[in-house]
Amino acid sequence: SFEKEKRDTEKDYWLHMYQNLLDSKPESLVLEEATLDPSVVHVIKTAKAQDYLSAFARHQVSFEMLCRMNDDDLRRIGVAPTGIRQRILDVVKEESEVESRAHQKALALISDLGETVCVILYLFLLSFSKLQHKKKLRKSYKIDKYLGRQSKFEACF
């Protein structure tokens, strides 16, 4: 029991010293951490590597830079433990894949919306023009790209 109490006292001492060290962090480093790319902060927190936020801030690492970093790059900026470096790289890979899928979905949605808007515009303009001007209209708004040659929309007019 005496040994356990001694270990607890030592642990409390070191935790207290660690907190004092954190409390005396230079203001410039606090400011750098505050301006760190939120995506980088998310990756570091997800990888449970918050102790290394200051290293990423000091080296002004953006999410784009982080995505290109490898194990050696992480070691060079001060992330020493292999396990933490691997967790960071794993989270970056997962986040990049999620971002890529979201980007693809957004492009597909924009493309679908673009087609819909284009068709609506075509039908709207067509309703106000003479039928003989239909080809000219389609060419000027590049509507063929969306409607194709045999459009079911043309049957409406």
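1. Basis. Residues are numbered from 1 along each chain as its sequence is written, and side-chain values use heavy atoms, with hydrogens and water left out. Because the model is predicted, local features need pLDDT of at least 70 and side-chain atom pairs count only at pLDDT 80 or more, whereas totals for chains, interfaces and linings use all residues.

2. Confidence. The protein chain has a mean pLDDT (the predictor's confidence in each residue, from 0 to 100) of 76, with 66% of its residues at 70 or more. Helix 6 (residues 71-76) has the highest mean, 96, and helix 8 (residues 134-140) the lowest, 48.

3. Where pLDDT is low, the predicted coordinates should not be read in detail.

4. Fold content. The protein chain contains nine helices and zero strands, these being DSSP runs (helices H or I, at least four residues; strands E, at least two) numbered from the N terminus. Of contacts between residues at least 6 apart in sequence, 48% join residues at least 24 apart.

5. Burial. Among the 157 residues of the protein chain, 24% are buried, that is, under 20% relative accessible area with a 1.4 Å probe, protein chains only. Arg85, which lies in helix 7 (residues 82-127), is buried at a relative accessible area of 2%. Leaving aside residues up to four places away in sequence, Arg85 touches Asp71, Leu74, Arg75, Val79 and Ala80.

How values were computed. Buried < 20%, exposed > 50% of the residue type's maximum accessible area, 1.4 Å probe, protein only. Contact = heavy atoms within 4.5 Å.
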